[in-house]
Amino acid sequence: MSRRSDLQRVLLVLLLFCCVNISIVSSTGVGNLMGVSDSSKSKFVESAKGAVERPYFDDVGPRNVTAVVGQSTTLHCRVKRPGDRTVSWMRKRDLHILTSSIHTYTGDARFSVRHPEHSDDWDLRIEYVQKRDAGVYECQVNTEPKINMAVMLNVEDATSFAASHPEPNPEDAQATISGPSEVFVKKGSTISLTCSVNVHSTPPSSVLWYHGPAVVDFDSPRGGISLETEKTEAGTTSKLLITKALLSDSGNYTCVPSNASPASSIVHVLNGEHPAAMQTSTASPKRQVLVMVIVSVLVLTEIR
């Protein structure tokens with residue numbers, strides 16, 4: 001009987017101990033009871049979640065892209081399972097972040113990100129490509145550690161590109177610039193040159209403008225340079241606009257379609273003077289006769 005009572009007391013103590021532990025577990029949590037902090041638990045959960053949902057690149061686009069000066073190009077980047085992470089584009093040569101999510105973080109308006117809603121595509125678009133744009137660009141995802149995909153951009157001028165990518169060049173394909181062959185504008189006004197291409201069956205894939213030997217830089221520090229291109233049944237028209245003309249804007253301008261002969265026009269930016277002032281080297285015959293008459297009269301007056 002005594003042994004049975006002792007056994008009952010032991011069972012009662014064990015029951016009480018279990019009840020106390022259950023209440024402790026419910027109030028502090030299993031993790032704390034086992035010496036695991038809440039922060040450690042969250043890191044563990046995040047790590048497990050990341051292992052399952054980690055983003056990756058779907059390599060659908062070329063890693064080596066060639067663009068032509070003055071044209072546009074797109075660098076492709078497709079990210080699967082990005083979750084709430086941010087996709088960015090970085091220029092490798094100066095480590096400059098160009099875009100982050102759908103936002104642009106550069107003063108160069110030629111750069112933008114193309115991300116159709118609910119898609120996995122985060123493409124970098126570059127308008128009016130320049131020679132200096134050549135180099136490596138990285139599409140990045142801010143995972144831990146960060147993942148990135150590099151794309152090499154090569155930039156060629158129109159001449160070398162045309163040599164390696166010949167297009168049909170009909171004998172009658174000719175570009176023309178509207179108006180006289182020489183244009184006079186005042187400093188501070190707008191230079192407007194319109195180039196028309198009479199190719200209807202095969203419109204030019206590109207129309208480049210040159211100022212002297214160099215391609216017109218739509219991203220030059222001076223700003224105010226734009227291009228309007230229109231393709232209709234009558235042909236292709238390319239209009240070059242240069243606002244707030246400077247004296248340095250003077251010179252020869254050439255319109256170069258990809259599949260037609262070029263056309264040129266000379267622009268003179270005047271610092272307030274009349275265009276006739278540009279032609280003082282050759283006096284008109286009437287003016288020469290008038291000067292001779294005046295000199296003769298003066299000589300006769302002196303003789304008398």
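Biologist: What do E15 and E16 form, and which residue in the turn has a positive phi?

Modeller: E15 and E16 form a hairpin, with two residues between them. Gly-212 sits in the turn and has a positive phi of about 65 degrees. The names follow a rule: strands (E, at least two residues) and helices (H or I, at least four) are DSSP runs, numbered from the N terminus. A word on the source: this is a predicted model, where local features need pLDDT of at least 70, side-chain atom pairs count only at pLDDT 80 or more, and totals for chains, interfaces and linings use all residues. Residues are numbered from 1 along each chain as its sequence is written, and side-chain values use heavy atoms, with hydrogens and water left out.

Biologist: How many bridges join E15 to E16, and which residue stands opposite His-211?

Modeller: Pairing first: two strands pair if DSSP finds at least two bridges between them. E15 and E16 (residues 214–215) run antiparallel and are joined by two bridges. Ala-214 in E16 stands opposite His-211.

Biologist: How many bridges join E15 to E19?

Modeller: Five bridges join these two, which also run antiparallel. E19 covers residues 251–257. Look at Tyr-210: Thr-254 in E19 stands opposite.

Biologist: Next, a sheet. What order do the strands have in the open sheet of three?

Modeller: The order is E3-E9-E8, with antiparallel pairing. E3 (73–75) and E8 are the edge strands; each has a single partner, so one side of each is left without a neighbour in the sheet. Neighbouring strands here are turned by 30 degrees against each other on average, direction ignored. For such values, axes are lines fitted to C-alpha atoms, for helices over the stretch in contact, and angles run from 0 to 180 degrees between N-to-C directions.

Biologist: Over how many bridges do E8 and E9 pair?

Modeller: Four, in the antiparallel sense. Arg-114 has Asp-123 in E9 as its bridge partner.

Biologist: Arg-114 has a charged side chain partner too. Which residue meets Arg-114 in a salt bridge?

Modeller: Side chains of opposite charge can pair when their charged atoms come close. A salt bridge needs a side-chain nitrogen of Lys or Arg within 4 Å of a carboxyl oxygen of Asp or Glu. Arg-114 meets Glu-127 at 3.6 Å, N to O. This pair links distant parts of the chain, 13 residues apart: Arg-114 in E8, Glu-127 in the loop between E9 and E10 (135–141). Both are partly exposed, Arg-114 at 40% and Glu-127 at 22%.

Biologist: How many salt bridges does a search of the whole structure find?

Modeller: It finds 11. One of them joins Lys-80 to Asp-120, with the closest N and O atoms 3.2 Å apart. Lys-80 lies in E4 (residues 79–80) and Asp-120 in the loop between E8 (111–114) and E9 (123–126), so the pair ties together parts that are 40 residues apart in sequence.

Biologist: Which residues are linked with Arg-91 in a network of salt bridges?

Modeller: Arg-93 and Asp-94. The Asp-94 and Arg-91 side chains meet at 2.9 Å, N to O. Arg-91 is buried at 11%, whereas Asp-94 is partly exposed at 36%.

Biologist: Which residues is Leu-75 in contact with?

Modeller: Contact means heavy atoms within 4.5 Å. Leaving aside neighbours within four places in sequence, Leu-75 is in contact with residues including Val-65, Trp-89, Leu-124 and Leu-153.

Biologist: Is Thr-99 buried or exposed?

Modeller: Thr-99 counts as buried, at 0% relative accessibility. Thr-99 is found in E6 (residues 96–100). Not counting residues up to four places away, Thr-99 touches several others, among them Trp-89, Val-113 and Leu-124.

Key. Buried means under 20% relative accessible area, exposed over 50%, partly exposed in between (1.4 Å probe, protein chains only).
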